[in-house]
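I opened this model to look up two things. The sheet came first, then the pocket.

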Amino acid sequence: MTPKFSKISHKFQRFAAAIDEAAQSLGLTITDVQNMQILRYLDGLLLWGKAYNLTAITDPDEALVKHIFDCMAIIPMLPFVTQPNKSLLDIGTGAGLPSVILAILKPDWHIDALDSNQKKIRFIRQISSEIGLKNITPIASRIEHHHAQKAGTYDVITSRAFASLTDFVSLATPCLADTGVLYAMKGKNPTAEEMADLQAWHIDIEPICVPKLDDDRCVVYLTKQ
């Protein structure tokens, strides 16, 4: 029986194969259920994108690469990636990028998806319910207001186009466990000026190769000195 989609109905078989191919190239193991969850998330993202101001990308092929593959590409490089039961906070998650993709592909982790935009959090809550995600908690809040509830508790804190590196570090640090890692997704490498403001941190920068994307991508790991 053909699954029902609103925006990718004529593309879903090709997209499913492309997701499998991308996962293989990244060294990820992906099940048929996870592949379908990603497809249904992508379809919902495109269906509700305008109404909820989720993404400026309306072309399904472009969204597959620039949203889905871009988020999949960070998973092999996550801190503690082979360890179960880790807690992750995604700050400024927007429409759930990368938090929903992380929750799908790391079902043994607990993911908190935080954003101050109520509409986007409602979308994440709805789509997570529809695709059966049990390990994600959408949170409508500013990070400053989240500090008291979750001070010093997260193993990993991520951001994707959330803020400058220095702002991300400043805002995320109160929620980070002593042995935790800040993990920032970036385009180009941080500038020397940004790095100079972070002398209290040990910083590693690694390039990311996103399947079918030629744009520059990197991740910045920050751990407490």
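My entries below follow that order.

I am working from a predicted model.

Entry 2, sheet. I looked up the strand order and found an open sheet of 7 strands, arranged β3-β2-β1-β4-β5-β7-β6. I noted the pairing as mixed. The edges are β3, residues 136-140, and β6, residues 201-207, and each of these pairs on one side only. From one strand to the next I have an average twist of 20°.

I checked what holds β6 to its partner and counted 7 bridges to β7, residues 218-224. The two strands run antiparallel. Within this pair I203 stands opposite L222 of β7.

Helix α5, residues 118-131, lies across β2 (110-115) and β3. I recorded an angle of about 160° between α5 and β3.

I then asked which residues of the lining are closest to the centre of the largest pocket. They are H67, G92, L97, R160 and A161, out of 19 residues that line the pocket. For the volume of this largest pocket I wrote down about 370 Å³.

Entry 6, lining. Two elements give two or more residues to the lining of this pocket: α3 (60-72) and β5 (176-186). The largest share is that of α3, with 3 residues. By class I sorted the lining into 6 nonpolar, 6 polar and 7 charged residues.

How values were computed: Residues numbered from 1 in each chain as written. Predicted model: local features only at pLDDT ≥ 70, side-chain atom pairs only at ≥ 80, totals over all residues. Heavy atoms only, no water. Pairing = 2+ DSSP bridges. Helix = DSSP H or I, 4+ residues; strand = E, 2+ residues; numbered from the N terminus. Axes fitted to C-alpha atoms, helices over the stretch in contact; angles between N-to-C directions. Contact = heavy atoms within 4.5 Å. 1 Å grid on protein atoms, 1.4 Å probe; cavity = no way out; pocket = protein on both sides within 12 Å on 5 of 7 lines; lining within 4 Å. Points joined across faces, edges and corners; volume = space filled by probe spheres on them. Nonpolar A, V, L, I, M, F, W, Y, C, P; charged D, E, K, R; others polar.
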